Amino acid sequence: MNASWSARLAKYKGADLFRSLRQLVTGALLFAAGWTLMYLSLQVGYWLTLLLAVPTAFFLIRLFIIHHDCGHGSFFASGRAADIVGSILGVFTLPPYHYWKKTHALHHATSGNLEHRGFGDIDTLTVDEYLALSRWGRFKYRLYRHPLVLFGVGAIIHFFIRHRLPSIVPREWTRERRSILWTNVGLLAVVMLAGTLLGFWQLALVQLPVTLLSTVIGVWLFYVQHQFEPTYWEHDERWAYDAAALQGSSYYRLPKVLQWATGNIGIHHIHHLHPRIPNYRLQRVLDEHDELRNVPTLTLLDSFRCVRLTLWDERARRLVPFPS
């Protein structure tokens with residue numbers, strides 16, 4: 001990290017226990033309230049249940065942001081407290097905590113580095129790599145990058161199935177493998193308990209739309225935080241952490257209600273610049289450092305145009321759509 005930025009932002013890092021506990025408690029209560037209203041609405045009409053799934057999914061996203069901050073060590077001063085809370089939240093948000101913690105740290109350490117793609121990234125090929133593929137290889141990559149797959153079927157497979165398999169990590173990652181297994185045990189226990197008390201069919205009618213919608217939102221947020229123009233990709237010898245953070249992570253300037261609902265994660269360039277800053281201080285950092293506004297910025301409307309960007313053109317130094 002750039003030493004000057006590290007020093008300038010050091011005062012913002014670390015947890016405020018009261019604010020962290022308040023955010024955790026209110027987040028859990030809001031999610032529980034939304035879920036309860038959805039369950040009760042089954043007696044009224046499923047249209048109302050699906051309507052209530054939208055805010056409830058965003059409440060789940062807020063819990064995921066806490067899970068995410070625990071993994072960065074920014075939400076609690078105690079590493080043990082962070083690991084316990086993060087592991088519990090992983091049962092509800094689906095990513096196993098220690099698996100997420102490690103792979104996401106790798107993402108932060110290598111984001112925008114062409115030699116270190118693969119962990120925690122949306123797969124992105126260069127134009128030359130794409131053209132060197134067979135017709136079958138190009139078809140598979142095009143299929144993977146299709147919006148209906150990337151934000152739909154692929155998101156479901158990633159969170160519902162892939163995150164349940166210990167084989168997705170190297171065998172020597174024993175802690176991460178245990179995390180996947182224990183998350184599966186916790187998930188099974190919650191499903192069995194809730195299904196026995198409330199009815200398995202009712203549980204599915206309430207929880208499935210919430211989880212499906214939250215996974216789509218989660219993949220979308222991650223996508224627009226790194227797939228935009230102008231952005232940053234460099235080979236290893238020229239890659240720099242601060243440049244990758246400030247040029248390769250977007251400032252997703254959302255309406256205030258959506259910024260709140262997504263836990264300030266749209267202020268992503270500052271998060272990448274110093275991941276030990278908790279989500280509830282990111283806006284303050286932005287407010288107190290005007291120069292951090294002079295970065296790639298996306299509005300909600302702008303972000304939808306990013307979907308067509310699929311390949312990194314090393315000659316033009318920009319993300320481009322598929323060739324016709």
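Before I point at anything, a salt bridge here is a side-chain nitrogen of Lys or Arg within 4 Å of a carboxyl oxygen of Asp or Glu. By that rule, Glu129 and Arg117 form one through their side chains, at 2.8 Å from N to O. Glu129 sits in helix α6 (residues 127-131) and Arg117 in the loop between α5 and β1 (125-126), so this pair ties together parts 12 residues apart in sequence.

Quick word on what you're looking at: this is a predicted model, where local features need pLDDT of at least 70, side-chain atom pairs count only at pLDDT 80 or more, and totals for chains, interfaces and linings use all residues. Residues are numbered from 1 along each chain as its sequence is written, and side-chain values use heavy atoms, with hydrogens and water left out. Helices (H or I, at least four residues) and strands (E, at least two) are DSSP runs, numbered from the N terminus.

I'll also keep saying buried, which is under 20% relative accessible area, exposed, which is over 50%, and partly exposed for in between, with a 1.4 Å probe and protein chains only. Glu129, at 31%, is partly exposed, and Arg117 is partly exposed as well, at 29%.

Back to salt bridges. The whole structure has 11 of them. Take Glu291 and Arg8, whose side chains meet at 2.3 Å, N to O. That one links distant parts of the chain: Glu291 is in the loop between α14 (282-288) and β3 (297-298), Arg8 is in helix α1 (residues 3-9), and they're 283 residues apart. Glu291 is partly exposed at 33%, and Arg8 is partly exposed at 38%.

Then there's Lys101 with Asp83, at 3.3 Å from N to O. Here helix α5 (residues 97-110) brings Lys101 and helix α4 brings Asp83, 18 residues apart. So which end is buried, and which is partly exposed? Asp83 is the buried one, at 14%, while Lys101 is partly exposed, at 28%. Asp83 and Lys101 also join Arg175 in a network of salt bridges.

Now the inside. A nonpolar core is a set of buried Ala, Val, Leu, Ile, Met, Phe, Trp, Tyr and Cys residues joined through side-chain atoms within 4.5 Å. The largest one has 31 residues, and those with the most contacts inside it include Phe151, Trp220 and Tyr252. Helices α3 (46-72), α8 (147-161) and α10 each supply at least two of its residues. The largest share, seven residues, comes from α10.

Patches are made of residues with over 30% relative accessible area and no salt bridge, with like charges joined within 9 Å and nonpolar side chains (Val, Leu, Ile, Met, Phe, Trp, Tyr) within 5 Å. Areas come from the Shrake-Rupley method with a 1.4 Å probe, and for residues only the protein chains shown count as cover. Ile84, Ile88, Phe92 and Val190 make a nonpolar surface patch of about 330 Å². Helix α4 (residues 79-93) gives the most to it, three residues. Ile84 lies in that helix, α4, and is partly exposed at 43%.

One last stop: His271, in helix α13 (residues 268-273), is buried at 2%. Between His271 and Gly34 there are 237 residues in sequence and 28 Å in space, C-alpha to C-alpha.
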